[in-house]
Amino acid sequence: MCGIALIVSGIRLTPSSIIDESISPSTKSESVAFTVDDLKAALRRRGPDSLGSKRVLVELEHGSLSKDEAVLVSSIVEDDETDSEVLFVGGCREMGGHGLFDNGENGVCGQKIFVEMDFIGAVLQLRGEDPVVQPLVDSSGNILVYNGEIFEGIEIGSNRNDAETLMQSLGSCCSCYSHRDASTCVGKNIPELLSSLKGPWGIIYWQDASKTLWFARDAFGRRSLLVHWPSPEDSRLLFTSVSPPCSSINETEGGSINLSYWEELACGVYSLTMGGIHIAKECIEANTYLHTKLRKHKWTNSTLQELINWERKFVVHTREHLHSSGCIIPRGFLQSLMFRPAELALAAMRESVFRRSIHNSTFQEGLVPIAVLFSGGLDSMILAALLHECLSAKYDIDLLNVSFEGESAPDRITARAGVEELKRVAPSRRWRLVEIDGVLSNLVVEMKHVMSLINPARTYMDLNIGTALWLAARGHGWTYEASSDNNDGLYKCVRYKSKARILLVGSGADEQCAGYGRHRTKFRSNSWSGLHEEMKLDMQRIWKRNLGRDDRCIADNGKEARFPFLDEDVIRVLLDFPLWEIADLNQPTGTGDKKILREVARLLGLHDAAALPKRAIQFGSRIAQESNRKNFGSNRAANMASAGSVEFFGS
């Protein structure tokens, strides 16, 4: 897992519907000031193992402006030749020794450098035996910063790092200028390669031969990637895994205001071509800016596109359909009537957790490589039980539980009960419940930091969820250990910090299995078709509403969030089942909602957990109630104000 960023100066984007569609009509970009070191510091919290940077200069070949076509050449400036103290203010950028870009008024002084690209990468290394420093540069001058894991699509050797392997695959891709038609490409093209990958990822890649900048985010948005599109207030193009605090919050005499500077990059593959080596002279504006065209490419994998479309073959339950004793399995997914849907779902989930529990002990400290974000509820109990099956018996498993009401919070109560059930199911495993307590009045500085992490989200609900996730992922809490003479059965409470670098999170379970209250509301008003459309909406917006925020809050602690329920094969299996096998909202809460997961839990021996109702982290931890009292005076006042959707800054 990594923190990645790119700063591009000296380009103008051709007007594009891609940008128009990604920016809310009410959003206004602001001019902000932050240093490269501010950005590096934010990224380094995500990637504590290494930090690197490369600068690419794209300039005119000497004397080429006198010809009909100008010739672009690029060069890479090594780390020690770059100035890390460059100050960015709005669209202006002052650099010692290089040219001055000042919104086109003075052109380019000194060298004729039209485009400057600063790549930054900070690494939390979990794969590969040898240390890796990003950005990666190959012999052809291509540059990659990559954040993610590859589980399928290209073969990753057991001792190899996936970023290095991906770099090799990208280097063999076609470098033609159009990429409009795969038939015109020599070999596999970049959209085709990225469409084949399974796993969470975000990348920024400079393909030198075609003078093309590629940037992309996986189809479900499981890794954060923010963008600032060029604007009148700031003409640069920027990408980053997380925003620097000073680009999120601005102090004024009237208090703090939110700056609408960053947007979540919509899932997809994009390219920005600078015209290849030869460009028309009219693409150069006043000897200052290079005009470029932004394109969004289609996913080329038909199976992936089906998952994105999220269309279920059997939605409406009629008498003609069979029930669980002999359910209809669409699309011939190798299922037979010998297996119940829950058994097939369990197999897919077990494989998903297995993929996400593989780790390299070279960079692991201690005997707890993987932890679970743990409420003791249905989803986290399933993940914990499956992790036990997939992880070597020599390792402990940390269960991270956060509460803002001590031992009285619902999630603390279910977590303690859940650990006891796990001990009955897997008595040989050492389970460690880490009880993490938060008090809002003592977290003023921390919550301001979380505000920058959840940016561009800005509601109290986002802040509450983000704070709970951030505290849980930090892993500072209390645990109970047996006394030196355990014959008396006594335990002592001791301070503990989890050193697990991987954190399993249950995101995606509610969206796919009808776990939210709004799903029941839609079912009551619009029956099965209404339920399907609401679940589809949730899955198609999860990248914007949940995953980017959650990734940033967890990764800020140098931990990698992994989402087993959002594995491509798990999504495929669940989508293949008729909707009534997933949930039956004619049944009461705790029975019909997430029906298939409750059956999975029973197959794992988790009978108590299988009956638990859904409880969101902000309510189970009691942070929502604490926040309501602090910001609205009471829970009742907060409910009347619809506190969850209220923005903590004016937009």
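## Salt bridges across the model

A salt bridge is a side-chain nitrogen of Lys or Arg within 4 Å of a carboxyl oxygen of Asp or Glu. With that rule in hand, you can look at the predicted model above, where a search of the whole structure turns up 49 salt bridges.

Some of these contacts join into a group. One network of salt bridges links Glu-152, Lys-198, Glu-351, Arg-355, Arg-356, Asp-567 and Asp-569.

## The chain as a whole

Let's step back for a moment. The chain has 651 residues, and 59% of them count as buried. Its secondary structure comes to 18 helices and 28 strands.

How much of the contact pattern comes from residues 24 or more positions apart? Among contacts in the chain with a separation of 6 or more, such pairs account for 75%. As for the surface, the chain exposes about 25900 Å², and carbon and sulfur atoms supply 51% of that area.

## Two pairs away from the surface

Now for some individual pairs. Arg-222 and Asp-218 meet through their side chains in a salt bridge, with 3.1 Å from N to O. Are these two residues buried or exposed? Arg-222 has a relative accessibility of 2%, so it counts as buried, and Asp-218 is buried too, with a relative accessible area of 1%. Both values fall in the buried class because that class covers anything under 20% relative accessible area.

A second pair is Glu-560 and Arg-562, whose side chains form a salt bridge at 2.5 Å, N to O. Here again, Glu-560 and Arg-562 are both buried.

Asp-608 lies in the loop between helix H15 (595-603) and helix H16 (617-620), while Arg-424 belongs to helix H8 (residues 410-425), so the pair ties together parts that are 184 residues apart in sequence.

How covered are these partners? Asp-608, at 49% relative accessibility, counts as partly exposed, whereas Arg-424 is exposed, with a relative accessible area of 55%. The two fall in separate classes because exposed means over 50%.

## Cysteines and disulfides

A disulfide is a covalent bond between the sulfur atoms of two cysteines. How many disulfides does the model contain? The count comes to 0 disulfides.

Two cysteines are still worth a look. Cys-174 counts as buried at 5% relative accessibility, and Cys-553 is buried with a relative accessible area of 0%.

Definitions and conventions:
Residues are numbered from 1 along each chain as its sequence is written. This is a predicted model: local features need pLDDT of at least 70, side-chain atom pairs count only at pLDDT 80 or more; totals for chains, interfaces and linings use all residues. Side-chain values use heavy atoms; hydrogens and water are left out. A disulfide is a pair of cysteine sulfur atoms within 2.5 Å. Buried means under 20% relative accessible area, exposed over 50%, partly exposed in between (1.4 Å probe, protein chains only). Helices (H or I, at least four residues) and strands (E, at least two) are DSSP runs, numbered from the N terminus. Contact means heavy atoms within 4.5 Å. Accessible areas come from the Shrake-Rupley method with a 1.4 Å probe; for residues, only the protein chains shown count as cover.
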